[in-house]
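Look at the sequence and the model together. The text below walks through them one site at a time.

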Amino acid sequence: MKWTQTLIPTLREAPADAEIISHKLLLRAGLIRKLAGGVYTFLPLGLRALRKVEQIVREEMDRAGAVEVLMPALQPTEIWEQSGRAETASNVLFKVKDSSGRQWFLSPTAEEVITTLAANEINSYRQLPKNFYQISLKFRDEIRPRFGLMRAKEFIMKDAYSFDTTDEGAMASYKKMYDAYTRIFARCGLKAFPVEADTGVIGGNYSHEFMVPAETGENDVAFCEACGYAANIEKATSGIPKTAAREVGAATEKFATPGVVTIEALSKEPYKVPANRQIKTLVYIADSKPVIILIRGDDQLNETKFAAKTGAVAVRPATPEEILPLLGAKPGSLGAVVSVPADVKVYADERLQGANDMTTGANEDGFHLKNVSIERDIKVTAWFDLRTVSAGEPCVKCGKALKIRRAIEVGHVFKLGTKYSEALNATFLDVDGSRKPPVMGCYGIGITRTLQAIIEQGNDKDGVIWPLSVAPYQVCITPLAVTPESQAMQLAEKFYAELTARGVDVILDDRDERPGVKFKDADLVGFPIRIALGEKSLAKGEVEIKPRNAALQAVKIEDAVGAVVKLLEASPAN
Ligand SMILES: [Zn+2]
């Protein structure tokens with residue numbers, strides 16, 4: 001490719017709305033352009049890199065035995081109603097109407113479509129196992145799209161769906177995808193690692209996310225360096241001990257706490273009740289019913305864990321207007337010892353199990369209760385692990401201190417079970433003659449997000465540092481004189497032809513620009529190898545070869561092509 005033939009609109013400065021380095025570089029290197037918030041055009045170089053990521057994903061999916069299909073982006077709402085997700089996923093679904101007034105959803109994922117296909121086409125155990133995948137445009141009604149391709153309204157995703165006759169078969173399919181993902185991210189030059197994850201609105205009972213460590217990531221991951229335990233903070237548990245039991249005191253005792261409405265205020269003079277001896281009482285609305293959640297004063301409620309443990313789909317804190325008629329007090333004075341309506345469930349964090357000598361609100365503004373013994377004084381409906389773990393807590397597996405870091409989620413594997421096959425009436429005739437729902441798994445990779453994660457992980461002050469495997473072009477040839485009769489241009493054309501013939505992706509910078517501009521642009525776009533042909537070195541019979549992240553070397557003209565090929569072969573992730 002000649003530079004002047006394609007479109008590489010590099011920018012000195014990134015637009016102000018680009019906040020993170022990878023988003024800035026996508027724009028500055030001329031890889032993408034914004035059309036509207038969360039909606040982007042891929043320019044020629046961005047598209048080349050994207051296609052290379054897709055190709056790696058395709059090769060590894062094929063190698064793992066999955067077969068490619070292409071499903072419609074336009075999906076009838078009926079199948080979403082059948083699976084129950086028309087409501088549970090409603091806030092992210094793009095809804096469109098056709099001219100007859102019929103509503104459709106724009107695909108954010110395709111469990112419903114593929115299960116409908118399986119219901120019609122798969123009838124016997126002889127046809128199983130099967131794993132179908134597609135690479136296609138997906139839509140998500142993000143209210144606040146941000147960080148470029150990281151959180152966009154439309155994006156490219158690889159989604160795969162496995163169907164097995166048994167649970168063991170489904171686990172084997174899951175393992176194949178897990179291993180394929182490990183290879184995919186390694187081939188993309190990404191340091192991605194798997195973590196245990198919540199299954200959320202997709203459903204299912206077993207799940208891992210593949211995470212790329214990055215300060216700008218939108219996920220927190222708890223991990224243990226000693227034993228390798230790693231989990232999304234929404235799922236992570238720790239071996240932190242339960243609240244220390246004390247001598248059981250007398251009955252509960254009410255005391256005045258005028259104006260005290262926070263854990264912190266109660267821990268100070270004159271009350272001096274440490275946060276770890278307080279019970280925090282929260283009121284939530286779970287699937288439109290009020291519930292009470294008890295958590296230790298020094299802990300934080302993890303809403304995702306709460307939803308997962310109780311099976312609730314829509315969870316939000318209750319408003320003061322909802323709380324007052326329910327418990328007779330305002331937030332800050334709430335407690336579950338007295339006046340909890342009989343039909344309101346009380347969920348408590350396991351760390352409070354057996355705790356006594358605790359203090360909590362009296363359900364009366366301006367008063368608290370002390371000497372509370374939780375199992376004696378509060379009717380707890382169920383105990384769950386509901387707290388968010390913090391750095392330094394003991395690992396649940398080995399007891400060493402946990403660490404927490406930010407990360408970008410690039411892939412997600414789920415074991416779904418029979419949730420979708422049952423809901424959409426997919427069955428097969430088993431070997432014993434009985435009809436059964438196939439056991440499913442689903443497996444996603446955000447292709448556009450992976451591309452951006454590669455840039456987030458590989459860059460320096462001058463621009464992108466691509467792994468060879470996904471660089472838009474592997475080699476940039478930069479003649480400093482570009483007239484057709486110049487020695488530099490003639491040699492550049494010769495190198496271009498020879499390298500192309502050897503299967504190397506080459507771009508020739510034929511612009512009539514100052515050397516500084518050409519070198520700056522090549523570094524900004526981040527071509528792994530640059531060959532500079534300048535008058536001075538040519539006079540010595542040499543050219544300059546500059547790997548993007550290594551030192552420049554002068555090489556004899558006749559050795560140049562061989563030297564470049566050698567560098568490419570030695571490069572990791574090629
Ligand atoms: Zn550990």
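Start with N425, which is exposed, at a relative accessible area of 55%. (Exposed means over 50% relative accessible area, buried under 20%, and partly exposed in between, with a 1.4 Å probe and protein chains only.) N425 sits in the loop between α11 (419–423) and β22 (428–429). Its phi is positive, near 60 degrees, although N425 is not a glycine.

A word on the source. This is a predicted model, in which local features need pLDDT of at least 70 and side-chain atom pairs count only at pLDDT 80 or more, while totals for chains, interfaces and linings use all residues. Residues are numbered from 1 along each chain as its sequence is written, and side-chain values use heavy atoms, with hydrogens and water left out. Helices (H or I, at least four residues) and strands (E, at least two) are DSSP runs, numbered from the N terminus.

D357 also has a positive phi without being glycine, here near 55 degrees. Its loop runs between β17 (345–349) and β18 (358–361). D357 is partly exposed, with a relative accessible area of 27%.

Other loops hold cis peptide bonds. One joins L128 and P129, with omega about 0 degrees. P129 belongs to the loop between α5 (111–121) and β7 (130–139). Another cis bond joins E269 and P270, again with omega about 0 degrees. P270 lies in the loop between α7 (263–267) and β14 (279–286).

Now the metal. Which protein donors hold the zinc ion? They are the SG atoms of C224, C227, C395 and C398, lying 2.2 to 2.4 Å from the zinc ion. (Donors are N, O and S atoms within 2.8 Å of the metal, or 3.2 Å for Na, K and Ca; water is not among the atoms, so sites may look incomplete.) The four donor atoms subtend angles of 98 to 116 degrees, so the arrangement is tetrahedral. (Four donors count as tetrahedral if all angles lie between 85 and 135 degrees.) Along the chain the donors follow the spacing C-x2-C-x167-C-x2-C. C227 is in the loop between β11 (219–223) and β12 (230–232) and C398 in the loop between β20 (382–384) and β21 (403–417), so this pair ties together parts 171 residues apart in sequence. C227 is partly exposed, at 38% relative accessible area. C398 is partly exposed too, at 34%.

Turn to helix α6, residues 167–187. Its 21 residues should span 30 Å at 1.5 Å a residue, and its end C-alpha atoms are 30 Å apart, which agrees. (The expected span is 1.5 Å times one less than the number of residues.) Its buried residues are G169, A170, S173, Y174, M177, A180, Y181, I184 and F185. Seen down the axis, they fall within an arc of 140 degrees, so they line one face of the helix. (The arc is that of the directions from the helix axis to the C-beta atoms.) An α-helix has 3.6 residues a turn, so residues three or four places apart point the same way. After α6 comes G189, with a positive phi near 70 degrees.

Last, the rings. Y178, Y181, F185 and F210 form one aromatic cluster. The whole structure has 14 aromatic pairs. (Rings of Phe, Tyr and Trp, the last by its six-membered ring, pair if their centres lie within 6.5 Å; planes under 30 degrees apart are stacked, over 60 edge-to-face, the rest tilted.) W3 and F527 have ring centres 6.1 Å apart and planes at 75 degrees, so the pair is edge-to-face. Both W3 and F527 are buried.

Conventions: Tetrahedral: all angles 85-135°; square planar, octahedral: opposite > 155°, others 65-115°.
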